[in-house]
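This report describes a two-part structure for a reader who has not seen it before. Please keep the view open while reading.

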Amino acid sequence: MTQLKKLGWYLLLIAFGYVFLFPLLFMLVSSLKPEQEIFADLYSIRAILPVGELSLENYRQVFAKSDILLYFRNSVLITSGTVVLGLFVNSLLAFTLSRMEWSGRKYVLSAVIALMIIPLEAIVVPLLLLVSKLPTIGWEQGMMVLKGSWLNTLEVQILPFVANSFFIFLFYQFFRDIPKDFDEAAELDGATPFQIYRHIIVPMSGPVFATVAILHFLLMWNQYIWPIMAVQGEDARPVMPGIQIFFGRQVGWGEIMAYASFVTLPVLAVFLAFQKMFVRSLAGAGIKG
Amino acid sequence: MNADTSALKGAALPTPSSGAAEPYRPPRRRYVFLLSTPALLGLFMFLILPFLMAVVMSFTDQRLLSPNETEWVGLRNYDRLLSVNWLVQEPVADNGVVQRDADGEPTYPRLRTLLRQDPAYEGYKELTSWQLGDKRLVVLAKDPLFIKSFLNTLQFVLLVVPLQCGMALGLALLINRQLKGIYLFRTIFFSPVVTSIVVVSIVWSFLYHRDLGLFNHYLQAMSFGLIGPIDWLGDPEWAMPSIVLMSAWQAAGVQMLIFLAGLQGISADLYEAAELDGAGTWSKFWHVTLPGLKNTTVFVIISTTIQAFGLFTQVDVMTRGGPQGSTSTVMYHAVTKGFREQDIAYGSAISVIFFLVILAIALLQKRFFDKRGG
């Protein structure tokens, strides 16, 4: 490429980069500015530069006006709980589908693949009725009690999302391509299927575990439609419905941006830390899915 | 699968336990059961069962909380959802002279009275109407908002799919170059994808703001004050296109990566051969790049379409289905009816229709790839 062509290419990249980065930078920067300055800086490059009178005042206001820390804790519990359980449960089923022979295996595999096309949106309404009738164990004033419904709990946001046919399929594809010699040697040494899973398959499957963990993390942290239906009370509310309610309260834009930044930072941090893996996961998942 | 080879190996390898008593091993069937049950139970309880419930309940009058017993109602929910009808209204005439209002438009008898008189029109409400000369053609539906929501969803899909896929292909072509710092730009183009659509919707609501927003500022600056200000989210004409633009911007990064993988899968030999034949940049794009991306493109278009049909969050955060129902979607209507109005049966019927549309699109994709042996 000639130098001139190169320069033109970079100019294009920067122009598009600006379009894609602007809203996020604007959000992060505005969260640090007082209200007047957000508006004063809006129409110049200052809108995305951390200049002027910067403070954490907006964040202080958000902490004072809403239960953001409670919602944040809920989201952390829901996300980590689902991801950890999901890695275990989904990879185990994929293991039996890819590494063991049993009658009905092919039917179960076809069913798992067919289930991938049912979107969450298509089942939320009946799922709501279902969980409203499921009993659960809860705590009230230090006593264990049987509650009549799953609504307004953390488990109603965790358990339905643990098993996931798409993730099972990703595990299945990866496990299937591991040479069978390893299992056979281990089996001759008297290893049980679970030991083969634990000591042979899992250590060799780092990339697929990372992929599924990342995709599941994104899916769970950003949950919205299900919690707005299944969780009415504040105790179990996660961050995304929380910010929507905060947004509806006609508070200052600086405070809204502070709230938005606060709930976005964990994802951005994970994204920047595991960038290569992230990009590979989503691209790979897209192609194979 | 490898039963033959394993038998061979078993025979060839001296096993350490040969001769000694075999240690007790639970039968493999028990392991299969133990290891597969948690996930299968989860899929059954929270995916298959609710799906079957949706199908069954769509034929009942089930409500979320109701003292009355649930009853079978046959196809009533579907009838309410899908019934469309029409009628032609004659203007009010006095001795053959059409009565006109102050603007010279003919006046018509009250539609509601007309619908009530004729049992064939029972349950129908006005969806839309057109003027035909002095007559008026009125399109009716039993649930006008559902029909409207369905058309809105179609509009969203037809706008967002080409925009998002085109944007993604453009970005993929842009970053498919060996340049210093290209990974930084890939990260930047991808960053909206990891941001929650709820957060994106809120930030863009500010950019779309009628008086303060950035869009109107630039629009007015560039048109020297001739155009705008446009009430992006408050104008029924503009609300859906505004959501389209934002949605395409947010999600294009995923398709960009898929296109990028597709581009990198095209053999360099093809480009060299084209160059030897004297092909220019455009000619290479048309005759090598695009044909090489055919499978990728079909996959990207179908998966983006399926996703777009589920449009809900942006609408819920930015417009709540308004103004005047112009951004209500199939899913938004399902949640409004099934959850906010607690009519689970009706919401289920909408879910079933939604699923059938998704299924049809997925089968289309399968047919395409089966034909190509892919």
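## A covered helix in chain A

Helix 6 (residues 124-133) of chain A is mostly covered, since 7 of its 10 residues are buried. A residue counts as buried if 20 or more other C-beta atoms lie within 10 Å of its own, as exposed if 12 or fewer do, and as partly exposed in between, with C-beta atoms placed from the backbone. Helices (H or I, at least four residues) and strands (E, at least two) are DSSP runs, numbered from the N terminus.

The buried residues of this helix are Val124(A), Val125(A), Pro126(A), Leu127(A), Leu128(A), Leu129(A) and Val131(A). In chain A they pack against helix 7 (155-158) and helix 12 (225-230). In chain B they pack against helix 2 (28-57), helix 14 (330-340) and helix 15 (344-371).

## The model and its confidence

This is a predicted model, in which local features need pLDDT of at least 70 and side-chain atom pairs count only at pLDDT 80 or more, while totals for chains, interfaces and linings use all residues. Residues are numbered from 1 along each chain as its sequence is written, and chains are lettered from A and ligands numbered from 1 in the order in which they are written.

The pLDDT is the predictor's confidence in each residue, from 0 to 100. Chain A averages 87, and 94% of its residues score at least 70. Among the elements of chain A, helix 4 (residues 68-99) has the highest mean pLDDT, 95, and helix 15 (residues 275-288) has the lowest, 66. Where pLDDT is low, the predicted coordinates should not be read in detail.

Chain A has 15 helices and 2 strands. Its C-alpha trace spans about 70 × 70 × 35 Å along the principal axes. The radius of gyration of chain A is 24 Å, whereas a compact globule of 289 residues would have one near 19 Å. This radius is taken over C-alpha atoms, and the globule rule is 2.2 Å times the number of residues to the power 0.38. Of the 289 residues of chain A, 42% count as buried.

Chain B has 15 helices and 5 strands. Its C-alpha atoms fill a box of roughly 110 × 70 × 40 Å, taken along the principal axes. In chain B, 36% of the 374 residues count as buried.

## Where the chains touch

Two residues are in contact if their C-beta atoms, placed from the backbone, lie within 7 Å. By this rule, 71 residues of chain A are in contact with 79 residues of chain B. Helix 1 (residues 3-30) of chain A gives the most to the side of chain A that touches chain B, with 11 residues. By class, that side has 56 nonpolar, 12 polar and 3 charged residues. Ala, Val, Leu, Ile, Met, Phe, Trp, Tyr, Cys and Pro count as nonpolar, Asp, Glu, Lys and Arg as charged, and the others, Gly among them, as polar.

Leu115(A) is found in helix 5 (residues 105-115) of chain A. Leaving aside residues up to four places away in sequence, Leu115(A) touches Ser165(A), Leu43(B) and Leu47(B). Leu115(A) counts as partly exposed because it has 19 C-beta neighbours inside 10 Å. Its C-alpha atom is separated by 8.3 Å from that of Phe166(A), 51 residues apart along the chain.

## A sheet in chain B

In chain B, 3 strands form an open sheet in the order 1-5-4, with antiparallel pairing. Two strands pair if DSSP finds at least two bridges between them. The edge strands are strand 1 (84-89) and strand 4 (125-132), each of which pairs on one side only. Strand 1 is joined to strand 5 (residues 135-141) by 6 bridges. In strand 5, the bridge partner of Trp86(B) is Val139(B).

Helix 5 (residues 144-175) of chain B packs on the sheet and touches strand 1, strand 4 and strand 5. The direction of this helix makes about 70° with that of strand 4. Axes are lines fitted to C-alpha atoms, for helices over the stretch in contact, and angles run from 0 to 180 degrees between N-to-C directions.

## Two loop residues in chain B

Gln324(B) lies in the loop between helix 13 (313-318) and helix 14 of chain B. Although not a glycine, Gln324(B) has a positive phi of about 50°. Gln324(B) counts as exposed because it has 11 C-beta neighbours inside 10 Å.

Gln342(B) is placed in the loop between helix 14 and helix 15 of chain B. Gln342(B) has a positive phi of about 60° and is not a glycine. With 16 other C-beta atoms within 10 Å, Gln342(B) is partly exposed.
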